[in-house]
Amino acid sequence: MSVITCRGVTRRYAQPGMPPVTAVAGVDLTVEAGTIVAIEGPSGSGKTTLLGLLAGLEVPDEGVIDVLGHDLARLSGAERARLRQARIGIVFQSFGLIASLRAGENVSLPLALARVAPRERDDRAKAALEEVGLESAFGTRIDELSGGERQRVGVARALVIDPIVILADEPTGSLDEANASGVLALLTDAVRRRGASLVLVTHDPASAARADRHYMMRDGRLSIGVPA
Ligand SMILES: Nc1ncnc2c1ncn2[C@@H]1O[C@H](COP(=O)(O)OP(=O)(O)OP(=O)(O)O)[C@@H](O)[C@H]1O
Ligand SMILES: [Mg+2]
């Protein structure tokens, strides 16, 4: 069973006074349930744009994207947001956390958006922080945590909704090697435990080595890659 299928997906960006940039060009991709897919490729090749399309944050100019049985083009922006909030965990290179809030508040934000009751939010945020080894950081402000700890909070926030799909955009790109491998192990182990799927954009061969399938992106085109 597949959780994501893309057929002929193209995304162009207009540029004033210049021809448009084709960030994603005719991409076909199938992500099977319970698998980890790694996407590598040089800077500017369209990796972040592709993840944005899969997340329903961007709309393709051509092609069809099906996520968990929903043709994204048939959903409104609000419906895509609800699908994302309920089923898709996202981890960013830059962590995407709110620095002035506490770790527990950051992790429970997706639950607040999904209108989960406050008491249950706290319980689930604590469990997610425990899963990444940071239960003691529940009440700690993000700006008091190290980079590796921040990204573990980022992973906990992606896990807290019990996602079916996680999209991770160079999640270890801002970390040193030791922290990067720790965060990567946490993320991939959590995905495997849940039988969830992970689309992992990475420059890091150690990250790619944990994947079931490997793709290369170049100039917006996706091709089957050589395992690292
Ligand atoms: N919002 C935007 N408006 C205009 N052009 C954009 C926009 N987002 C991306 N692009 C262009 O689309 C192309 C692909 O960008 P994208 O960010 O997807 O690449 P990437 O593979 O994620 O790169 P990196 O490894 O540096 O993160 C680039 O040429 C970029 O300049
Ligand atoms: Mg990028």
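Let's start at strand β6, which gives the most to the lining of the largest pocket, with four residues. Keep in mind as you look around that this is a predicted model. The largest pocket holds about 350 Å³ of space, and 16 residues line it. If you want to find its centre, look for I88, I90, P110, L113 and R157, which lie nearest to it. Besides β6 (88–92), the elements that give two or more residues to this lining are α2 (77–87), α3 and α5. By class, the lining of the largest pocket has eleven nonpolar, three polar and two charged residues.

The axes of α3 (residues 103–113) and α5 (residues 147–159) come within 7 Å and cross at roughly 30°. Angles under 35 degrees count as roughly parallel, and α3 and α5 are therefore roughly parallel to each other. The crossing of α3 past α5 is right-handed. On the α3 side, the contact is made by A103, N106, V107 and P110, and on the α5 side by V153, A156 and R157. Sorted by class, these contact residues are five nonpolar, one polar and one charged.

Now move along to the second largest pocket, with about 170 Å³ of space. Its lining comprises 14 residues, and T172, L175, E177, A180 and D204 lie nearest its centre. Here helix α6 (residues 177–194) gives the most, with four residues. The lining of the second largest pocket divides into six nonpolar, five polar and three charged residues.

Conventions. Residues numbered from 1 in each chain as written. Chains lettered and ligands numbered in written order. Predicted model: local features only at pLDDT ≥ 70, side-chain atom pairs only at ≥ 80, totals over all residues. Heavy atoms only, no water. Axes fitted to C-alpha atoms, helices over the stretch in contact; angles between N-to-C directions. Parallel < 35°, antiparallel > 145°, perpendicular 65-115°, else oblique. Left-handed = near helix turned anticlockwise from the far one by under 90°. Contact = heavy atoms within 4.5 Å. Nonpolar A, V, L, I, M, F, W, Y, C, P; charged D, E, K, R; others polar. 1 Å grid on protein atoms, 1.4 Å probe; cavity = no way out; pocket = protein on both sides within 12 Å on 5 of 7 lines; lining within 4 Å. Points joined across faces, edges and corners; volume = space filled by probe spheres on them.
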